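Try each task before you read its solution.

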Amino acid sequence: MCHYCGCREIPLIKEFIAEHAAITDLAGDAVRALDAGDPERARTLVERMAVLLLAHWAGEERGLFAVMRENDEYTAYVDALAREHRELAAFLVALDLDSADQRARFLRAVDELHDHIAKEEDGLFPASLTELTGEQWDRSIDAWKAVHAGRPGPTGGRPGPEVPPGPAA
């Protein structure tokens with residue numbers, strides 16, 4: 001991951017990265033549960049991951065993605081990221097972890113999720129630093145806050161991802 005441009009210190013980007021970490025932690029825990037032969041735990045973790053993803057995607061798409069699309073240079077890139085959101089959402093809704101084929105597809109989906117996150121963290125987020133105006137940042141932040149209203153955040157008490165309660169590890 002890139003650490004050169006400073007985008008990781010922008011509060012909104014920091015929130016997105018914290019959400020990515022929470023989501024990939026759940027995905028990794030689900031993979032480990034499958035490896036341990038515990039599909040019920042994996043199913044619970046995938047459900048929690050899906051809840052976080054939906055809120056995360058809404059915050060990205062209604063905010064940062066929307067304002068980045070205002071520049072024609074980024075429209076196709078952002079559209080591809082949003083399409084990947086839709087594909088993963090549809091996959092997770094239909095996921096049957098009792099199926100060996102579906103479990104294997106889930107493992108590939110987790111790898112693809114990591115690739116997707118890299119496209120955001122190493123591509124779109126740094127680009128946003130040079131492309132967005134103050135007003136566009138304000139709209140991005142307002143959209144994210146609207147999606148995450150009332151939930152404590154991972155980076156200083158602002159709204160952020162809430163991991164629904166699940167079974168003890």
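**Exercise 1.** Find the residues that form a negative surface patch, and say which helix gives the most to the patch.

*Solution.* This is a predicted model. Start with the members: E87, D111, E112 and D115 form the negative patch. Now the helix: α4 contributes the most, with three residues.

**Exercise 2.** Compare the reach of helix α4 with its expected span, then locate its bend.

*Solution.* Take the residues: α4 covers 100-131, which is 32 residues. From first C-alpha to last, α4 reaches 45 Å. At 1.5 Å a residue, 46 Å is expected, so the two values are close. Then look at E120: α4 bends there by about 30°.

**Exercise 3.** Which parts of the chain does the pair R43 and D98 link?

*Solution.* Opposite charges on side chains can pair when the charged atoms come close. Check the distance: R43 and D98 form a salt bridge at 3.5 Å, N to O, inside the 4 Å cut-off. R43 sits in helix α2 (residues 39-68), and D98 in the loop between α3 (72-94) and α4. The partners are 55 residues apart, so the pair links distant parts of the chain. By this cut-off, the count is eight salt bridges.

Conventions: Residues numbered from 1 in each chain as written. Predicted model: local features only at pLDDT ≥ 70, side-chain atom pairs only at ≥ 80, totals over all residues. Heavy atoms only, no water. Helix = DSSP H or I, 4+ residues; strand = E, 2+ residues; numbered from the N terminus. Bend = angle between axes of the 7 residues up to and from the residue. Patch = residues over 30% accessible without salt bridge, like charges linked within 9 Å, V, L, I, M, F, W, Y side chains within 5 Å. Areas by Shrake-Rupley, 256 points an atom, 1.4 Å probe, with all protein chains shown as cover. Salt bridge = Lys/Arg side-chain N within 4 Å of Asp/Glu carboxyl O. Lys, Arg positive; Asp, Glu negative; His and termini not counted. Charge placed at Lys NZ, Arg CZ, Asp CG, Glu CD.
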